[in-house]
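Take a look at the structure shown here. This briefing walks through it topic by topic.

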Amino acid sequence: MNAEIISVGTELLLGNILNSNAQFLAQQFAELGIPHYFQTVVGDNPERLKQAIQIASDRANLLVFTGGLGPTPDDLTTETIADFFSTPLIEKAEIVEDIAAKFAQRGRMMTDNNRKQALIPEGAEILHNPIGSAPGMIWQPRSHLTILTFPGVPTEMKRMWHEIAVPYLRQQGCGKEIIVSRTLRFWGISESALAEKVGTFFDLQNPTVAPYANYGEVKLRISAKSASEQVAQELIAPVEQQLRQIADIDCYGADEESLASVVGELLKERQATLSVAESCTGGGLGQMLTRVSGSSAYFWGGVVSYDNSVKERLLGVDPKAIATQGAVSAIVAEQMAAGVRSRLETTWGISITGVAGPGGGSDEKPVGLVYIGLANSEGATSQRYLFGDRGRDWVRQVSACSALDQLRRILLSGA
C-alpha cells in the first residue's frame, strides 16, 4: 500500500491557512510504515479536483482527503469524488440524526444546508466525526483503491484518524512495519560542504540518509524501516555515530534539540550564566533562549539596544567608538558584550549588531553585515559575518543562531 494526501481548499492555495493536516498525516504514515510519495493541494473546483483524483488514483492505492466536507456550496469533496467514480450519493439517516443532536446540544437548530453533509457515495462507510458536524467516509470504489475523507479542521481530523482510521488501516495489514527517523542538526557548515563529507551515506537503502537546509541550518535525516521501533533504532545508531564522527563539532544536536537548548545545557554543566545585548535582532536571541524550559537557571536577561543612546547609557559603549567606527563594528560589538555582562553580572555576555535590512546598507557596510561579540572575565572578542541580503527575518534568525553557535564552540573547547 502507498498513500497520497489530497488537501482541498482554495484558502490553502492562497496561503491563508498553513497545511498542518498534511504534515500530521505524513508523520502518521511513517508510524504505520505506509509509503508516501506525493501530496496534492487543490482549490474548491470540481474539475481540478477530478484531475487530481485521476492522477493520484493511478499512482497510489490509498487516497486521504482533507477539507471540503462542510455544508456550504464550495464544499465539494464528497460529491466530486462520487461523480468521478460515477456513483450516486445516498443520504444517511444516522448522519442527519447525529448532526441534529449536536446542534441541539448547542441550543441551535440544524439548517437545511447541513443535510448535504449526510450524503455519501453508495457503498461507502461512514467515518464518524465525534466532535464536529462533518463526517468523513471510508470507501473502496474499485479494487486496490481505498479512499478516506476527513474534515479540514485539524482537531476533528486528528481525532477521527486516531479513533477510526488507524484501527481500520491496521486491520488492512498496515503497521506491520514502521518508519523511524532521526534528524541530526548542523550549524557552521554549508549543505554542499557537508554533502561532500558524507556523500557516500546517501546511497544507503535501509536506513536512508537525506540532507535538507533552512535558515542557515543543515539537517541529515536518517530513516529506517523495520518491524519494530527497537530494530529500526538499532539500524540508525551506527550510521548516526559515523556521521557525528565525520562532522565533529559542526553537529550540534538531534531531533528537537536547538542551539539554544544545547547552549543552555552546556552553561548549566559549567554553572555559568549568560546575558545578551541585541541591536539588529531586536530581542530575537533572548526569545530563543527563553523558549527553553528552565532557561532562568542560566539566562539572566538582556538589553535591546536599538538606539545608539541605549548602547552608550546602559551598556557603556564609548560614544567615540560609535562616531569613528559606527554602531555596526567589531569594537562596538565587543563593548556591548562586555557592558551587558558587567551590568547583569553574568559569566558570559553576547552581543549582536548589524544591518538586517532592507534599508540601511552601504558599500562599506552592506545589508547582511553582522558583528557578534562575546565577553567573559578574560575580556571580549568579536566575529564578523556577511550573511547577504536575503531578507530581514533571515538575517535576524541566522544572526541569533550564529551567536549561540559561537558560544557553543567556545564552551566545548574548554573555555
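What follows covers a helix, a lysine, a cavity and a sheet.

This is a predicted model, where local features need pLDDT of at least 70, side-chain atom pairs count only at pLDDT 80 or more, and totals for chains, interfaces and linings use all residues. Residues are numbered from 1 along each chain as its sequence is written, and side-chain values use heavy atoms, with hydrogens and water left out.

**Helix α4**

- Helix α4 covers residues 77–84, and six of its eight residues are buried, so it is largely enclosed by the rest of the structure.
- Buried means under 20% relative accessible area, exposed over 50%, and partly exposed in between, with a 1.4 Å probe and protein chains only.
- The buried residues are Thr-77, Thr-78, Thr-80, Ile-81, Ala-82 and Phe-84.
- Ser-86 follows α4 and has a positive phi, near 55°.
- Helices (H or I, at least four residues) and strands (E, at least two) are DSSP runs, numbered from the N terminus.

**Lys-50**

- Lys-50 sits in helix α3, residues 46–59.
- Its relative accessibility is 19%, so Lys-50 counts as buried.
- Leaving out residues up to four places away in sequence, Lys-50 touches Thr-80, Asp-83 and Phe-84; contact means heavy atoms within 4.5 Å.

**The cavity**

- Searching the whole structure turns up one cavity of 30 Å³ or more.
- A cavity is a set of points on a 1 Å grid over the protein atoms alone where a 1.4 Å probe fits but cannot get out.
- The largest cavity holds about 50 Å³ of space; a volume is the space filled by probe spheres set on the points, which are joined across faces, edges and corners.
- Its lining residues, with an atom within 4 Å of a point, include Glu-94, Ile-126, His-128 and Pro-135.
- Helix α5 (residues 93–105) gives the largest share of this lining, four residues.
- By type, the lining has three nonpolar, four polar and three charged residues.
- Ala, Val, Leu, Ile, Met, Phe, Trp, Tyr, Cys and Pro count as nonpolar, Asp, Glu, Lys and Arg as charged, and the others, Gly among them, as polar.

**The sheet**

- Four strands make an open, antiparallel sheet in the order β10-β11-β9-β12.
- β10 (208–214) and β12 (251–254) are the edge strands, and each pairs on one side only.
- Two strands pair if DSSP finds at least two bridges between them.
- Strand β9 (residues 178–186) pairs with β12 in the antiparallel sense over three bridges.
- Phe-186 stands opposite Cys-251 in β12.

Key
1 Å grid on protein atoms, 1.4 Å probe; cavity = no way out; pocket = protein on both sides within 12 Å on 5 of 7 lines; lining within 4 Å.
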